[in-house]
Structures are given as structure tokens and as C-alpha cells.
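Visitor: I am new to this structure and would like a close look at a single part of it. Could you walk me through the salt bridges, please?

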Amino acid sequence: MLLLQAEDWTTTRGGLTCPSAAMSVMSAVMRGTRRLVHADPALFSNFPFPAVFCRAGSADFLLTCQPNRKFAFKHVKGQKKEQKTQKVKPKVDKQEVEIRQGMTAAALAEAMNRDFDHVLEALLNTSVHLDSLEKDTVLEERWIKEVVTRSGMKFRWAKLSASRERPNRDACRRPPADPTLLVPRPPVVTIMGHVDHGKTTLLDSLRKSQIVSTEAGGITQHIGAFLVQLPTGEKITFLDTPGHAAFSSMRARGANATDIVVLVVAADDGVMNQTVESIEHARRAKVPVIVAVNKCDKPHADPQRVKQELLAHDVVCEEFGGDVQAIHISALKGDNLLALTEATVALAEVLELKAEPTGPVEGLVIESRTDKGKGPVTTAIVQQGTLKRGCVLVAGKSWAKVRFLFDENGCAVREAGPSTAVEVVGWKELPSAGETILEVESEQRAREVVEWRSHDEEQRKLQEEQSAIEQKQKLHLEEYRREREGLSHLSWRQRKVALYRANKTRFATRPSERMQSDQLSLPLIIKGDVDGSVEAILNILDSYDAQQCELEVVHFGIGDISENDVNMAEMFGGSIYGFNVAASRGIEQLAARKGIPLRLHSVIYKLVDQLKEELSAKLPPLVSENITGEASVVAMFDVTVGKKKVPVAGCRVQKGQLDRRFRFRLIRGRDTVWEGSLAALRHHKDDVQTVRAGMECGLSADGDVDFRAGDIVVCFEEVAAPQVTSWDPGF
């Protein structure tokens, strides 16, 4: 009743009464209510509105009136507003689903940890045709998001997964064979030594052939493999390696594939550079050496001097207390060759060379080339097993199913046992010389091995490139910090102006002009007949160290010159060098029409000589000064020419002669005051071309020059001499 009465007092039909009166009435009502409650609490036990009163933990009651709150008094200054208690909804963590492009319905259900029917239910009432929706159906991106959203989940895009560690699928050598299965095999002997010491002639004498007559320039430029059967019945596989300095890699490859090294040294020449290098190759390969002292039939031959020179390189012959056999021979006349073969066979017996003729094949690529009729062809030495037609081989990043086998005479053979040299036909791509040959079970396995090796090489290259990028970024950051250290005290606007002034010329340059360099360069395209030849040429080019002109190999390959080579040379503005390869008439005409230098050679040192000549031709000529005369200025006077007065220096020639065609230099003390050409040279009143020593003359310069008495006038001639490259390949 009190509350209703208070409400009647505070509201009228026409609106609200005075706010101060309402507040005072309300306060009086609340005070009276509290007194009644304290006096008789039981009176309010059956109050019809129990929700009006609330107990606040004490005997006092707080009177609140929720329905009539809109009629409460206004906020009085200094009195705090009541804070509304808002209900905070508990935060629900939604399940996060990892999605990606091209997800199937089954993959999406698995990612959501639901079944396939859940995906169908989520796509109800959409434009998706549910009857045709299968588990392997690829969903569009919008429907993937729709399913996740309708399921009360949130999605996130899957990160690009790092490349998973691929299992190693490489082919490996087989474990050591059972000693009971091993059988004796012929020794593999490598003939090594200096160029023109008679290595190929020695093999010709053993094989009764004429290999040396087929070699360009009379020197061996390829590695060859031959099987020689001795009169006693023993077989020896000989490897002939080049002796020229350019073919060091071929000699190293021959030493690694051999059992015995026959070191050929000319008795009249002695130990030379490639002789020492061959000794080092044999020592690194841990192969025993037999010394063949050749050309003992010559009048100036001195075999004892050769043996003594070998002592300096730790090759101690038997007569000096060592264990190295030294045989005196004459390869040209065939003298004492039987003793050399007997020494080789005896050493092979001591080494007890054996191999297993069964099981998977293992071998080594000696040389590789591209044949017009056969395709990629390799010369290989079989080390284990028996190589037959139909075998599946892997070498490097190439594989083959053997179609044909040929011996050194070009005759087809059905199989090749250990220590046999054969030509293998059937390679899908040309393997590099020096690669190990391994037999695998099937073509599929061969593809797996090649794919793994390509992947492994790619990963190594990526790591190298990444390290190079990081190093470049580090250098760039250091340079950036150094550049701004001196500008740290400036404001950003002042720093910008300072950087602009410092790089004004660079900013003014066009992007195309920035790419152009003043550095001279010679791009090269190298083609060779076999892999070993290309390898030798590239090794020579790796030794290029001249700073005058940059040498860049843009392409190299095996086979004849093609139209693609000419187009590439035109693109890079380079030259084509071919070694033991041909170019058709059409290719030659195309190269001539496009102005591409096409240089074909069959001798390695001639190719290098022409390359040095082309490099030298690229270099600017060296300009030198040749002083022809000197004169001293005696007096100065003016000569009227037309309406102008021209200053003329009266001179006396002290040395040589002054020639008007040459250039002149005016020297005052130790400084050069002027340099240029003369406008006139006169002796008395005559215009002359030259003035000799002891004569007097008058000369006027081409330009405004201040001549003074006592100055020295020097006449000099500029002589241009061709510049020669400083590159020395060593031969």
C-alpha cells in the first residue's frame, strides 16, 4: 500500500511531478518501511510481493523495485550509477579443421572426424547434386568451407608441407663374394706416361695393329681399351691413356680402373711432367707400377739416367734395391716386348686377381660417345659378374637395357666376363665417363634409381644455392648498415636527399643500360666427340685466370654441330668450338650467314691455341708513346692571320725531329700544361711537315695555349700494339 501510494504521489495523469518532491516522498516511504520491518518482521512474512525485498547478508533489507525502475529518480551529481550485471556467455572452442584445395568428400569427413553421411547432411538444401556425390568426388573450395561452417566448426588452410624425407632407393654394390666362388681373371693394365714417349706404339706392337696412324697429330686423345692375347695363352686387358697435359682426368680415370700401371718413359727424353703426374695417379689409386724404358734403340738413349731420375719420385727399381720392375724395350722394333708381358703376368699372379663371374654385373664406364647409328655408346670394363644382352644397367643418372655388345674390333659378342672391355649399346641417355655401372632387377627398378639420384643431386644443389643466397643476403645487410651508419644522425628527409645525391648517376641510368657491363667477355659453346674429350676441354677452361676478358661456357655437349648450337651462339654472341666433330654444309652456311665463328679441330693443343688467339683479338690494343723529338720555346710573338692575331712560339729543336702529323705536349717545369695537335709548323716563312734537330721553327697550337719562354715542346707518336692474353694453360 505504501508503495502504491508513493506511486500515486510521483505520477499524475498529465506526467511527472517535481523531481525533488518525488525523491523526498520516496525516501520517506523507504525509511518508514525499514522501521516497520525492524519493529515486526513477521508482518511482512506473507507480503504479496516477496520478490520486492532481498536480503543482503545482514539484518537490513534493501528495497528494490524492478517493475517501477523507469520511474526512479535521476542521477544526482556525486552519486554513482548502478552497474548492470551482464550475463557473459561461456566461450565455446570450435573444432578447427585443416582444409586444402582439391579435397575429396572422404578426406573432408576424415579431417572433420565425421563420417561420409555427415558431409551429405551438411550439403542438403544446396545446389550440390547429392545423388552423384561419391566418397572420391573432389569438392569445390566453397562447398568445403560450407560443410565446415554448417557443422559448427572453423577451418584453416593447410600449410605447404615440407618435402618429406624420401626413402633411399639408390642401387649399391653387392657385398664381397664368397671366396669359393671366385675365379682368376685377366689383369687390367693401363699404359701411362708423357706425350710422344711411345705408349700407343707399344700397344700397336702388342696387338699387331696400327692405332697410332689413325690418331690426329700422331698423339692419343682418347682413352682406349684392348684385349691382348699373348702367345703363351694369357690374356691382358690394356687401357691406353692420352699423355698430353690436357687429358689429366682421363689418366686419373685409367688409374682407378686398373690393376697394374705400365709407366712408359723414353730413354732419350727422361722423366717429364706427365710422367710425374702418372706416378701420382698410380700412387693415389694404390696400384703397382712396372717401368717400361722405351726407345732404347736410339743412339742417345740412356736407360740408367731414367732410373736414377725416377728415384727422386720414390720409384725405386729392382737394381737399386726396390720392388719396381724396369724393362728396356723398343716399341717401334718390338724388342724385349715378351719380357714386358711376362713381367706383367708375373705381377698379376702375385696380386692373385680374382672375380665372381656370376651374380649382378658391376663395371666402370671408361668412355662414352654418341654414335649416329647406335645412339649413346659406352666403353666399359666389367669388374664383377657377366654382362649379357638384355641386362638392365644403371650408371649415374642414366640406365640401359643392353641391346648389343661389341668388342674393340667392332664385332658383336653375346657376353663379357670380368676384366673384359666392351662397347655397350642401349643407353637411354649418355652416362658420364668414370661412372660406376650396376645391374638392377628390372626397368622399373632402374627408373627408381635414376629418379632417386636426380632427386638427391637436386637437393644438394638447392642446399648450395640456399647457402649462397644466405651469404649474399648477409653481405647485402652489412653493406646496407654501413651505408646508413654515417646518416643515422640525419632526419628521414635529409637521409633521403643524401642517398639520392650519392646514387644520382645510378638512378639516372636506364635499367637496360645498368645491365650492360664494360667487362669484355667471350661466350663459348663446346662440342666433342666423346665425354672424355669434352671433360678435358672443360678442365682446360677451368684453369682460365686472365682478368682481361671473361671466358664463359654457355653450353657443352657431345655430337656434331647442330642448328641449335648456332642459334645459341647467335643469342649469346659467342663462338663454337668443336673437337673431333663435324658440321654439315648447311650448318656451316648458316653460321657464316649469321656471323658465328665456327672452329673445328682434331688436335687439342691447336684448339687451345686458336682460343687464345680469339681471346687476344677481343682485347683492346696497348697504346704506347714513341717520342720523336723535343724543342725548347725561345720567344713568343703574334702573327696576324686575316683579322685575328695568332700567338706563335719560336722554338729551337733540341732532339730528333718535330712532325706535324703527330701529337705534341707542352711541359712547364714538371707539369704538363697542354696536349694536342698543331695548327701550323713553319720554318722561316714556309709551312713544313718536319723540322730536324738544330733548326729553328715557329709553331701554333690548335686551340688557346699560353706558351712561355723556357717551356719544352715534346713531339710523340702513339703506337698501338696488339694485346696478348695472359692465360697460360700449361702447354
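Guide: Happy to! Let us start with Glu319, which is partly exposed at a relative accessible area of 48% (buried means under 20% relative accessible area, exposed over 50%, and partly exposed in between, using a 1.4 Å probe and protein chains only). This is a predicted model, in which local features need pLDDT of at least 70 and side-chain atom pairs count only at pLDDT 80 or more, while totals for chains, interfaces and linings use all residues. Residues are numbered from 1 along each chain as its sequence is written, and side-chain values use heavy atoms, leaving out hydrogens and water.

Glu319 pairs with Lys307 in a salt bridge, their closest N and O atoms 2.3 Å apart (a salt bridge is a side-chain nitrogen of Lys or Arg within 4 Å of a carboxyl oxygen of Asp or Glu). The two sit 12 residues apart and link distant parts of the chain: Lys307 belongs to helix 9 (303-311), and Glu319 to the loop between helix 9 and strand 13 (325-328). Helices (H or I, at least four residues) and strands (E, at least two) are DSSP runs, numbered from the N terminus. Lys307 is buried, at 3% relative accessibility.

Another salt bridge joins Glu457 and Lys397, at 2.4 Å from N to O. Here 60 residues separate Glu457, in helix 11 (residues 443-485), from Lys397, in the loop between strand 18 (392-395) and strand 19 (398-406). Glu457 is partly exposed at 23%, and Lys397 is partly exposed at 42%.

In total, the structure holds 38 salt bridges.
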